[in-house]
Amino acid sequence: MSFPLIEFRNAKFGYGRKIVLESVSIDIRRGDLLGLVGPNGSGKTTLLRGMLGQLSPLAGEVLRPQGRPSRIGFMPQRENLNPIWPLRVIDVALMGRLVLRGPLRRFTADDIAEATRALDAAGIAHLAREPVSRLSGGQVQRALLARALAAQPEILVLDEPTTGMDLGGSTAMLRLIRSLHKERQLTVLFVSHDLNAVAAVATRIVLLHEGVVREGDAETILSADILGQIYHLDVVIGNIAGHHVVAARDARP
């Protein structure tokens, strides 16, 4: 079994008296391509905040077996890059280096080289000198991905990375996620409400529903019985080109 980077042990999360998640006991392991999925309002953001250290558990604990927090590269669901600032794509990627350098230090040649490599990995090295204001929505997402990669993360966290993309854009992003995981041997946490997007890439899945957390390999979690109970649909699980596909026949009465 691979080495755990973050361990949740019977952790409870909430806000004030409102409990969102109870008895969370999962690991994020080195080399994971882990999908975090659930209906809107199921607690995905709460669990993500707990993992990032932004929210402390009300009970239980979150352990860092390395003795220190893992370095995390975070790609947010969306971010408004203010068009008033004359930011270039390379400038966005360089922001990822601030995690390592601090905000008051000048960027070095090594920083620029690493940011350029991150842009290349994200498939937009040719746009390095372009103003961000000229980018499409999908290109902005890739610039934010490059920023996360420039931090040289141990864990890459992607929050709804295909939101707002058309079929071509989302397919290309999913292909890129699989490639980064394999070629860079990155630990990847893919957060999404889109079950099919998660099913297309994740080898292990954490499924949230009404405060309950289910975790297991994709074959176990992506079952018609489990998904039918959660989504109240007659669910069909298929396989296309080696990837799981989830569809619903009709709503249950």
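This is a predicted model: local features need pLDDT of at least 70, side-chain atom pairs count only at pLDDT 80 or more; totals for chains, interfaces and linings use all residues.
1. Threonine 187 lies in strand E8, which spans residues 187-192. Its relative accessible area is 1%, and because the cut-off for buried is under 20%, threonine 187 counts as buried.

2. The side chain of threonine 187 makes a polar contact with the backbone of glycine 31: the distance to the backbone nitrogen is 2.8 Å.

3. Helix H1 runs over residues 44-52. Its buried residues are Lys44, Thr46, Leu47, Leu48, Gly50 and Met51. As background, an α-helix has 3.6 residues a turn, so residues three or four places apart point the same way.

4. Glycine 53 follows H1. The phi of glycine 53 is positive, near 85°.

5. The structure holds one aromatic pair. It is formed by phenylalanine 8 and phenylalanine 13, with ring centres 6.1 Å apart and planes at 70°. Since planes over 60 degrees apart count as edge-to-face, the pair falls in that class.

6. Both members of the pair are buried: phenylalanine 8 has a relative accessible area of 1%, and phenylalanine 13 is at 0% relative accessibility.

Key. Residues are numbered from 1 along each chain as its sequence is written. Side-chain values use heavy atoms; hydrogens and water are left out. Helices (H or I, at least four residues) and strands (E, at least two) are DSSP runs, numbered from the N terminus. Buried means under 20% relative accessible area, exposed over 50%, partly exposed in between (1.4 Å probe, protein chains only). A polar contact is a pair of N or O atoms within 3.5 Å; within protein, one must be able to donate a hydrogen and the other to accept it, and residues adjacent in sequence count only if both atoms are side-chain atoms. Rings of Phe, Tyr and Trp (its six-membered ring) pair if their centres lie within 6.5 Å; planes under 30 degrees apart count as stacked, over 60 as edge-to-face and the rest as tilted.
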